[in-house]
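Me: Could you walk me through reading a structure, one feature at a time?
Reply: Gladly. Here it is.

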Amino acid sequence: MRHYRLTNQERGALGFTDCFALDHKDLTDADTSQAIALETLPDNKAILYKDAMVVVTEAFSGGDNTALVAKVGHTELNNNNTADDNYFVVDSSLFTKDRMYASAASGVAAAITGNTPLNVTFTATGGTLAALTTGEVLIYLKIIRDVDVVGGQG
């Protein structure tokens, strides 16, 4: 997995701050489901928005797989002991190139007040994740961190 902090121009054009790029090589489980941690947001250092987008840049395929879906969520928001694996984006098919999936809601999700792990969960049908031989997906999120604004113009 690769994590990119978008440039100011990209942020202005897209409305997102971060891009996580994952391909078939990141999916290594020999079963049908795998959760991957994208990032853990630290306590009192970020504001997390509900805005998110999944873009399939290369269709996933390989092995006996007949379908692959991804959902983007968190394992715990602000230490509240509640996980929601499709908080940002619900099951999105990754078997078709150039597909885009957006979050159902927008706005502020939370000012982070406890360590908050963000994750993506992949689920395959008909085969295993490790059998995939092609595919790439980009996940965009909007996260305002203290380093983005501390010392800014006022």
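Me: Let's start with Thr 116: is it buried or exposed?
Reply: Buried means under 20% relative accessible area, exposed over 50%, and partly exposed in between, using a 1.4 Å probe and protein chains only. Thr 116 has a relative accessible area of 0%, so it is buried. Bear in mind that this is a predicted model, where local features need pLDDT of at least 70, side-chain atom pairs count only at pLDDT 80 or more, and totals for chains, interfaces and linings use all residues. Residues are numbered from 1 along each chain as its sequence is written, and side-chain values use heavy atoms, with hydrogens and water left out.

Me: Which residues is Thr 116 in contact with, leaving aside its neighbours within four places in sequence?
Reply: Contact means heavy atoms within 4.5 Å. On that basis Thr 116 touches Glu 39, Thr 40, Leu 41, Glu 76, Leu 77 and Asn 78. Thr 75 is 41 residues from Thr 116 in sequence, but their C-alpha atoms are 7.3 Å apart in space. The side chain of Thr 116 also has a polar atom 2.9 Å from the backbone oxygen of Gly 114.

Me: Where does Thr 116 sit in the fold?
Reply: Helices (H or I, at least four residues) and strands (E, at least two) are DSSP runs, numbered from the N terminus. Thr 116 belongs to strand 9.

Me: What is the order of the strands in the open sheet?
Reply: Strands of a sheet pair through backbone hydrogen bonds, either parallel or antiparallel. Two strands count as paired if DSSP finds at least two bridges between them. Here four strands form an open sheet in the order 3-9-5-6, with antiparallel pairing. From one strand to the next, the twist averages 20 degrees. Strands 3 and 9 (residues 116-125) are joined by eight bridges, and Glu 39 has Leu 118 of strand 9 as its bridge partner.

Me: Glu 39 also touches Asp 18. What does the side chain of Asp 18 make a polar contact with?
Reply: A polar contact is a pair of N or O atoms within 3.5 Å; within protein, one must be able to donate a hydrogen and the other to accept it, and residues adjacent in sequence count only if both atoms are side-chain atoms. The partner of Asp 18 is the side chain of His 3, at 2.6 Å. Asp 18 lies in strand 2 (residues 18-23) and is buried, at 0% relative accessible area.

Me: How many aromatic pairs are there?
Reply: Rings of Phe, Tyr and Trp (its six-membered ring) pair if their centres lie within 6.5 Å; planes under 30 degrees apart count as stacked, over 60 as edge-to-face and the rest as tilted. The count is two. Phe 16 and Tyr 140 have ring centres 5.8 Å apart and planes at 40 degrees, so this pair is tilted. Those two residues are 124 apart in the chain, and both are buried. For Tyr 87 and Phe 88, the centres are 5.0 Å apart and the planes at 90 degrees, so the pair is edge-to-face.

Me: And what is the phi of Asn 44 near?
Reply: Most residues other than glycine have a negative phi. Asn 44 has a positive value, near 60 degrees. Asn 44 lies in the loop between strand 3 and strand 4 (46-61) and is exposed, at 55% relative accessibility.

How values were computed. Axes are lines fitted to C-alpha atoms, for helices over the stretch in contact, and angles run from 0 to 180 degrees between N-to-C directions.
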